[in-house]
Amino acid sequence: MNKLADLTGGLVFYNKSNAIEESIQAAVDDSELTYTLGFYPIEEERQGAWHDLKVGVSKRGVSVR
C-alpha cells in the first residue's frame with residue numbers, strides 16, 4: 001500500500017486503534033478542495049513512455065499530492 005500511495009500521491013491509513021471513523025473523516029476532510037489537471041501529449045510523443053511532470057503551488061501551507 002505504501003508503494004502505491006507513493007506512486008499516486010495518496011495516503012495510507014493504518015488500523016492503529018480500530019478507529020475507522022477518524023480515518024474516514026480524515027479522507028473526507030482531505031478531499032474538501034480538489035483540482036483535476038489533464039495532460040494530453042501529442043500522438044507522436046506517446047509511445048508508451050512516462051513523462052516527467054511537475055505541479056506546484058506558490059501559496060504557503062498548501063500541499064500538492
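Student: What is the relative accessible area of Val55?
Tutor: Val55 has a relative accessible area of 48%, so Val55 is partly exposed (buried is under 20%, exposed over 50%, partly exposed in between, with a 1.4 Å probe and protein chains only).

Student: What sort of model is this?
Tutor: The model is predicted; local features need pLDDT of at least 70 and side-chain atom pairs pLDDT 80 or more, while totals for chains, interfaces and linings use all residues. Residues are numbered from 1 along each chain as written, and side-chain values use heavy atoms, without hydrogens and water.

Student: And how much of the protein is buried?
Tutor: Of its 65 residues, 5% count as buried.

Student: New topic: how many helices and strands are there?
Tutor: The protein has two helices and zero strands (DSSP runs numbered from the N terminus: H or I of at least four residues for helices, E of at least two for strands). Val55 belongs to the segment after H2.

Student: What is the volume of the largest pocket?
Tutor: The volume is about 1,000 Å³. A pocket is an open set of points on a 1 Å grid over the protein atoms alone, where a 1.4 Å probe fits, with protein on both sides within 12 Å along at least five of seven lines. The volume is the space filled by probe spheres on points joined across faces, edges and corners.

Student: Which residues are closest to its centre?
Tutor: Tyr35, Val55, Ser63, Val64 and Arg65 are closest, out of 26 lining residues (those with an atom within 4 Å of a point).
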